[in-house]
Amino acid sequence: MPDYDELLQGLQSDDERDRAFAVEDIVYEGIPEGLDLLIHHLVQEKSRFVREVIVNNLPQMERPDLVAKLLPLLRSDDAFIRNSVIDIVSQKRDEVVAYLEPLMEDADKDVRKFALDILFQLKTTEVTPYMINFLHDSDINIIITAVEYIGQLEDKTAGDAINQVLLEAQNLLLRCTCLESLAKIGNAQSPEIVARMFPDPDSIKGLELFSYLKFVAKQGDASTLPFVLSLMKSKGRLLAKEIINTLEGILERGAQANLAEEMVGEILTFIGSDINAINKYELLGFLGQFHNSAIFEPLVQYTRDPDKLVALGAIEGLGLMGRIEALPILKDLQQSAEDEDMLDAIQKSLQQLEQIR
């Protein structure tokens, strides 16, 4: 067993490997002075390798004062040290929150931000009440981060708090972040509040439009469909994926067996436009969920499309649609197809149809 002087000498060696071994020995032996020694050495050490050895070993020290001694390093000018402290103390879920409360009201906004980061790293909705406190912070960037983190934790109990932030938000980025968080945790009041904030969706521009569509995709209802369909004409190629996600989200929540004929026509026109093949693939498969007779023939025609992705979407759509008339069409296609992906898709759709025959 090396004594304290030997370990200290190892930390002062010119060879970084000796210093790294000394760090591991200090932790393994559990010497009383070890925590203070390693924290001091972390601040002084120049070798990234040795610093990482220290950071990897500190969490293994069973010390009740570990969190308390590490948190002051959040004020370090060294980003590696700050980020390492956040990672380490976040592993001490049962201990860290009590130490964080004073930091949540610290005069230094950076320290408050680090406290928020640590709360988020705990990955539990138990910290949501603490995060809600940050929604009243004096720094707009901290409020934005708190809104984002609450959304990522998907704690629906915070829906009212984010609704209120959105109602009062003057900052563009904050409004966008609120919309995207409410897409995940919005409550019954959220759609009405968003409608009040954005009474004219046609006037929404740029980044805010992307965030608005994310909200509508998850929380919107049929009343927003006319606007979504209008986007197919005005911004179809630019926002194709967002439009499709929004359309699918609204219609799937509606659980309709049939679409309005006018809507079918607009979607088919969109598919026939210059959007990417992957977007056409998704829409053709999606249309197969509905029973409109006006959908069947276009799906049949697209099975022969020269673009493989488009043809695959149509084949999958026919399988989902479940019309027996598709059986001979798919069997005929099976005879001429050579591509393995095409053959697999045809076989899957044939099996779906055979099950309902």
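Which residues in α2 meet which residues in α4?

Author: Happy to take you through that contact. Please keep in mind that this is a predicted model.

From α2, the residues that take part are Glu 16, Arg 19, Ala 20, Val 23, Glu 24 and Val 27. They meet Phe 49, Val 50, Val 53, Ile 54 and Asn 57 in α4. Sorted by class, this contact has seven nonpolar, one polar and three charged residues.

Now for the geometry. Helix α2 covers residues 16-29 and helix α4 covers residues 48-57. Their axes come within 9 Å and cross at roughly 10°. Angles under 35 degrees count as roughly parallel, and α2 and α4 are therefore roughly parallel to each other.

Phe 49 lets us zoom in on this contact. This residue belongs to helix α4, and its relative accessible area of 39% makes it partly exposed. If we set aside the neighbours within four places in sequence, Phe 49 is in contact with Glu 16 and Ala 20.

The axes of α18 and α20 are 7 Å apart, and the two helices pack at an angle of about 10°. By that angle, α18 and α20 are therefore roughly parallel to each other as well. On the α18 side, the contact is made by Ala 277, Ile 278, Lys 280, Tyr 281, Leu 284 and Gly 285. On the α20 side, Leu 309, Val 310, Leu 312, Gly 313, Ala 314, Glu 316, Gly 317 and Leu 320 take part. The class count for α18 with α20 is nine nonpolar, three polar and two charged residues.

Both of these helices turn up again around α19, which spans residues 293-302. The buried residues of α19 are Ile 295, Phe 296, Pro 298, Leu 299, Val 300 and Tyr 302. What covers them includes α17 (261-271), α18 (277-287), α20 (308-321) and α21 (326-336).

Next come the aromatic rings. The model has four aromatic pairs. In the pair of Phe 286 and Phe 290, the ring centres are 5.3 Å apart and the planes stand at 75°, so this pair is edge-to-face. Phe 286 and Phe 290 are both buried. Elsewhere, Phe 198, Tyr 212 and Phe 227 are linked by ring pairs into a cluster.

Phe 227 brings us to helix α15 (residues 225-235), where Leu 225, Phe 227, Val 228, Leu 229, Leu 231 and Met 232 are buried. The buried residues of α15 pack against α14 (206-219), α16 (240-254) and α17. Helix α17 is also among the elements that cover the buried residues of α19.

The place of Glu 154 is the loop between α10 (140-153) and α11 (159-168).

Technical notes. Residues are numbered from 1 along each chain as its sequence is written. This is a predicted model: local features need pLDDT of at least 70, side-chain atom pairs count only at pLDDT 80 or more; totals for chains, interfaces and linings use all residues. Side-chain values use heavy atoms; hydrogens and water are left out. Axes are lines fitted to C-alpha atoms, for helices over the stretch in contact, and angles run from 0 to 180 degrees between N-to-C directions. Helices (H or I, at least four residues) and strands (E, at least two) are DSSP runs, numbered from the N terminus. Angles under 35 degrees count as roughly parallel, over 145 as roughly antiparallel, 65 to 115 as roughly perpendicular and the rest as oblique. Contact means heavy atoms within 4.5 Å. Ala, Val, Leu, Ile, Met, Phe, Trp, Tyr, Cys and Pro count as nonpolar, Asp, Glu, Lys and Arg as charged, and the others, Gly among them, as polar. Rings of Phe, Tyr and Trp (its six-membered ring) pair if their centres lie within 6.5 Å; planes under 30 degrees apart count as stacked, over 60 as edge-to-face and the rest as tilted. Buried means under 20% relative accessible area, exposed over 50%, partly exposed in between (1.4 Å probe, protein chains only).
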